[in-house]
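Dear colleague,

Please find below the structure I wished to pass on to you. My notes on it follow directly after.

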Amino acid sequence: SSLVDSRWFLTRFPDLVARQPFLMPLYGHDLKRPAVFRTAFAIERVLGFDRNWHVPQSSKVARGRVLSVAEVRRHFPGVKRVGLQGGALWEELVILDRLGLISALRAQTSFAGLALREDTEVTGLKVKNGQVFGVMTRQGGYLAPAVVNATGAWSTKLAHRFDPKAPPLGHPALAFNILLDRPAPTEVGLSLAQSTKDGRGMIFLYRSRCGRVFAGTDYLPFYDHPDRAIVPEAALAAFLGRLAEIVPSL
């Protein structure tokens, strides 16, 4: 599905997204082995044979491949060399203009015949025979064959407004990224294993358009009201410490 999504963005908004290569050094931990990635990339080539159909030539996404130890060191001179077995290199998409992409997507929905109602709070549900068939707002009511609660971190709060006995919807987490005022350690992005109390996670980082390093994503359990989502200083310090451990040059 991610291949289909990338093709969709590249054919419709080629000026708003860009290909970003990522390198993952492989040390043989868990499934992070050269042989495993060779197999995965081979499967991807078969399943994603049409990934670049109708994509402009300059925007075609390159196939993933496994690099030798020497190639990894050329791409990432600061890589930890002890136990290094090679690396995996692939491309993903990053957003160049967030607000521009939102505007473009809004235009797409209008072209498809959908109506957007921004800053419109749902105040009630239209229910008949136990089935929801619409919503009420202060501006009026709207009928629909289906109503979806897609309010993210606010989904449980909204559900409880209409059904106090509704079970929690998912397990809220506070996710954050950071922008470092540091030069990027490589021309390519990096996907690096980090050590945590719960096991091994991943940190992604790449050079942003402003020349700084974009790094993340870290996650914390969250139990407060969504409108009071603030990343604790201790969590930022812990994330920076793990980042400094795996990329000492930063």
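V127 has V132 of β5 as its bridge partner. Please bear in mind that the model is a predicted one.

The strand β5 that contains V132 covers residues 131-137. Its pairing with β4 is antiparallel and comprises six bridges. The two strands belong to an open, antiparallel sheet of three strands, ordered β4-β5-β6. The edge positions are taken by β4 (122-128) and β6 (140-143); each has a single partner strand, so one side of each lacks a neighbour in the sheet. From one strand to the next, the twist averages 30°.

As for the protein chain as a whole, six helices and 10 strands are present. The C-alpha trace extends over about 65 × 45 × 35 Å along its principal axes. Of the 250 residues, 30% count as buried. Among contacts with a separation of 6 or more, 64% are between residues 24 or more positions apart.

With kind regards

Note on methods
Residues are numbered from 1 along each chain as its sequence is written. This is a predicted model: local features need pLDDT of at least 70, side-chain atom pairs count only at pLDDT 80 or more; totals for chains, interfaces and linings use all residues. Side-chain values use heavy atoms; hydrogens and water are left out. Helices (H or I, at least four residues) and strands (E, at least two) are DSSP runs, numbered from the N terminus. Two strands pair if DSSP finds at least two bridges between them. Axes are lines fitted to C-alpha atoms, for helices over the stretch in contact, and angles run from 0 to 180 degrees between N-to-C directions. Buried means under 20% relative accessible area, exposed over 50%, partly exposed in between (1.4 Å probe, protein chains only). Contact means heavy atoms within 4.5 Å.
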